[in-house]
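Please keep the sequence and the structure at hand while reading.

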Amino acid sequence: MNPGTSPRGLLLDAMGTLICLRTSVGTTYAALASRHGLTVEAAAIDRAFPRIYRQAPPLAFPGLGDRALEEAEIGWWTARVGEVLSAAGALAAGAAPPPNLGRELFQRFAQAELWQVYADVPGHLEAWHRRGLRLAVVSNFDSRLPGLLEALGLARWLEAVVVSSAAGAAKPDPLPYQLALTRLDLTAEQVWHVGDSPEDGAGAQAAGIRWVKVQRP
C-alpha cells in the first residue's frame with residue numbers, strides 16, 4: 001500500500017482509544033475492598049496499578065473457551081488485585097486477596113456505567129462506516145469487552161471484536177491482528193491500526209499493518 005492510499009478497513013484499539021473509565025481504577029478497587037474489611041487509599045492503588053499491569057504476564061489463554069476462559073480471566077485479574085493491594089499496603093506481600101474480591105471486581109468492571117466513550121468516537125465510527133470501511137476492535141482485553149461495546153452503543157459499527165484472552169496472544173504479538181484480518185477478509189496491506197500504546201505500534205508492525213497513533217489528553 002502506498003502511503004497515500006486509503007485503507008479498506010480499520011483495526012481499532014479499545015481502552016485509551018475508543019473508551020476509558022469514568023473514575024479511576026483505585027476508586028473502584030478501594031470501594032469494594034472496604035466491603036471485605038480492607039482499608040486502602042484509592043490514590044495508592046492508582047500509583048501501583050500501572051506498574052503491576054505492565055509487568056503482568058499476557059492476558060491470553062490459548063485453547064480455552066466459554067466458562068473455562070472466563071475463570072482463567074478472573075484468576076488473572078484476581079492475581080493482579082492481590083499484587084496491587086500488596087503494593088498499596090493493604091495486604092502483606094504475596095498474600096491472596098479476600099475470597100471473591102477478585103470475582104466481584106471482575107463483574108463490576110463488566111458494567112457499562114463505569115465506562116465512557118470518548119466524545120469524538122461515535123462521529124468517527126459513523127463516518128468511517130458510511131465510507132464503507134470495515135471496522136474491527138483488537139484489544140488486550142477479555143471476554144467482557146464485546147458486551148461493554150454493545151452496552152456503550154459502539155457494536156453496531158463493528159464487524160469483529162478480537163480480545164487477547166480468547167485469541168491466545170496479546171499485543172504486540174501479531175496473532176490478534178491476523179485473526180481480525182481473517183474475520184474481515186482483508187489483508188494487512190488493506191487495513192490500518194488505530195491505537196494509543198507502544199504495544200499497538202509494535203504489534204501492527206509485526207503484522208505488517210500501518211499504525212495510526214492516537215494521542216489522548
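Which element gives the most residues to the lining of the largest pocket? Helix H2 does, with five residues. The model is a predicted one, in which local features need pLDDT of at least 70 and side-chain atom pairs count only at pLDDT 80 or more, while totals for chains, interfaces and linings use all residues. Residues are numbered from 1 along each chain as its sequence is written, and side-chain values use heavy atoms, with hydrogens and water left out.

**Pockets**

Rolling a probe the size of a water molecule over the atoms shows where empty space is left. A pocket here is an open set of points, on a 1 Å grid over the protein atoms alone, where a 1.4 Å probe fits, with protein on both sides within 12 Å along at least five of seven lines; its lining residues have an atom within 4 Å of a point.

The largest pocket holds about 1,100 Å³ of space, a volume being the space filled by probe spheres set on the points. Its lining is made by 38 residues, and those nearest its centre are Met 15, Phe 49, Tyr 53, Trp 77 and Asn 140. Two or more lining residues come from each of strand E2 (19-21), H1, helix H2 (42-55), helix H3 (66-87), H4 and helix H9 (198-206), where helices (H or I, at least four residues) and strands (E, at least two) are DSSP runs numbered from the N terminus. By class, this lining has 22 nonpolar, eight polar and eight charged residues; Ala, Val, Leu, Ile, Met, Phe, Trp, Tyr, Cys and Pro count as nonpolar, Asp, Glu, Lys and Arg as charged, and the others, Gly among them, as polar.

The second largest pocket holds about 210 Å³ of space, and among its 17 lining residues Leu 12, His 124, Trp 128, Val 194 and Val 214 lie nearest its centre. Strand E1 (9-12), helix H5 (121-130) and strand E6 (191-195) are the elements that give two or more residues to this lining, and H5 gives the most, with four. The lining of the second largest pocket divides into twelve nonpolar, two polar and three charged residues.

**Helix packing**

| Pair | Angle | Axis distance |
|---|---|---|
| H1 (residues 25-34) and H4 (residues 101-108) | about 135° | 10 Å |
| H2 and H3 | about 130° | 9 Å |
| H3 and H4 | about 110° | 8 Å |

Because angles under 35 degrees count as roughly parallel, over 145 as roughly antiparallel, 65 to 115 as roughly perpendicular and the rest as oblique, H2 and H3 are oblique to each other. Their contact, meaning heavy atoms within 4.5 Å, involves residues of H2 including Phe 49 and Tyr 53, and residues of H3 including Trp 76 and Trp 77. The residues of this contact of H2 with H3 divide into ten nonpolar, no polar and three charged.

H3 and H4 pack at about 110°, which means that H3 is roughly perpendicular to H4. Residues of H3 that include Trp 77 and Leu 85 meet Leu 101, Gly 102, Arg 103, Leu 105 and Phe 106 in H4.

In the pair of H1 and H4, Thr 28, Tyr 29, Leu 32 and Ala 33 of H1 meet Leu 101, Glu 104, Leu 105 and Arg 108 of H4. The contact of H1 with H4 consists of five nonpolar, one polar and two charged residues.

**Backbone geometry**

Most residues other than glycine have a negative phi, and most peptide bonds are trans. Asp 66, which is not a glycine, has a positive phi of about 55°, and Asp 66 lies in helix H3. The peptide bond from Lys 171 to Pro 172 is cis, with omega near 20°, and Pro 172 is placed in the loop between helix H7 (164-167) and helix H8 (175-184).

Methods: Axes fitted to C-alpha atoms, helices over the stretch in contact; angles between N-to-C directions.
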